Amino acid sequence: ATFGFVVSDQGVLLIDSGGSWRGAENIEAAINTVTDKPIIKVINTGGQDHRWFGNDYFAQQGAELISSPTTHADQKAREAQQVLRMTNLIGDAYQGTNPVYANTLLESESLVTLGDRSVQFIPVGHTHTPGENLVWLPEVSVLYTGDTVFVDRMLGVAPQSQHLTWIEAFERIDSLNPAVIVPGHG
């Protein structure tokens, strides 16, 4: 999975928190090689475990957790299945992980501001999972897609995926005309 962050004069906005407490620690360590500012806000782009299982780590540091109501519902519906999957996949590295949901839910396209920087939160609905969201940085024409876009491998079409609305999400991406697309994988 890929993750991203935006540094502002007040702190860091993180795009996706990783798949475990330990994963969140590693994400923070990578960010600390760029800035010593704290992570103030975390956006979850989707309901897949690797997009939100690190939320607790950042929430305990006081970060605001942001997503959409549809993503929140998907996380709740599939949490037990995803916990089982992650514990089987990463074993002891899952220790200390406590799935925590976003505390700020945005129902529609919204501007998320942190100090001197803003990003656009764009819910695109049901693609890889029922509640996928984009994070658009119009000032620099960079788009974080979460699991709506994969590269270097096939799209992750699973039982929870919807191909027709996925096409609509691709059309929304095309309408933004981003110079850089940061995919969810690859």
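A: Helices, of type H or I and at least four residues long, and strands, of type E and at least two, are DSSP runs numbered from the N terminus. In these terms, Asn177 belongs to the loop between α5 (163-176) and β10 (180-182); this residue is taken up again at the end for comparison with a loop of the sheet region. The model is predicted.

The part in question is an open sheet of 5 strands, arranged in the order β1-β2-β3-β4-β5 with mixed pairing. Because β1 (4-7) and β5 (104-105) each have a single partner strand, they form the edges, and one side of each lacks a neighbour in the sheet.

Two of the pairings can be described in detail. Strands β3 (residues 39-43) and β4 (residues 64-67) run parallel and are joined by 3 bridges. Across this pairing, Lys41 is placed opposite Glu64 of β4. On from there, β4 pairs with β5, also in the parallel sense, over 2 bridges, and here Ser67 faces Leu105 of β5.

Helix α1 (residues 21-32) lies across β1, β2 (12-15) and β3, and runs at about 135° to β2.

The loop between β2 and α1 contains two residues of interest, Asp16 and Ser20. Ser20 has a relative accessibility of 5% and therefore counts as buried, the limit being under 20%. The side chain of Ser20 reaches the backbone nitrogen of Gly23 at 2.9 Å. Leaving aside residues up to four places away in sequence, Ser20 touches Phe53, Gly54, Ile90, Ala93, Tyr94 and Thr97.

Asp16 has a phi near 75°, which is positive although the residue is not glycine. With a relative accessible area of 2%, Asp16 is buried.

Asn177, in the loop between α5 and β10, also has a positive phi without being glycine, its value being near 55°.

Note on methods: Residues numbered from 1 in each chain as written. Predicted model: local features only at pLDDT ≥ 70, side-chain atom pairs only at ≥ 80, totals over all residues. Heavy atoms only, no water. Pairing = 2+ DSSP bridges. Contact = heavy atoms within 4.5 Å. Axes fitted to C-alpha atoms, helices over the stretch in contact; angles between N-to-C directions. Buried < 20%, exposed > 50% of the residue type's maximum accessible area, 1.4 Å probe, protein only. Polar contact = N/O pair within 3.5 Å; in protein donor to acceptor, adjacent residues only side chain to side chain.
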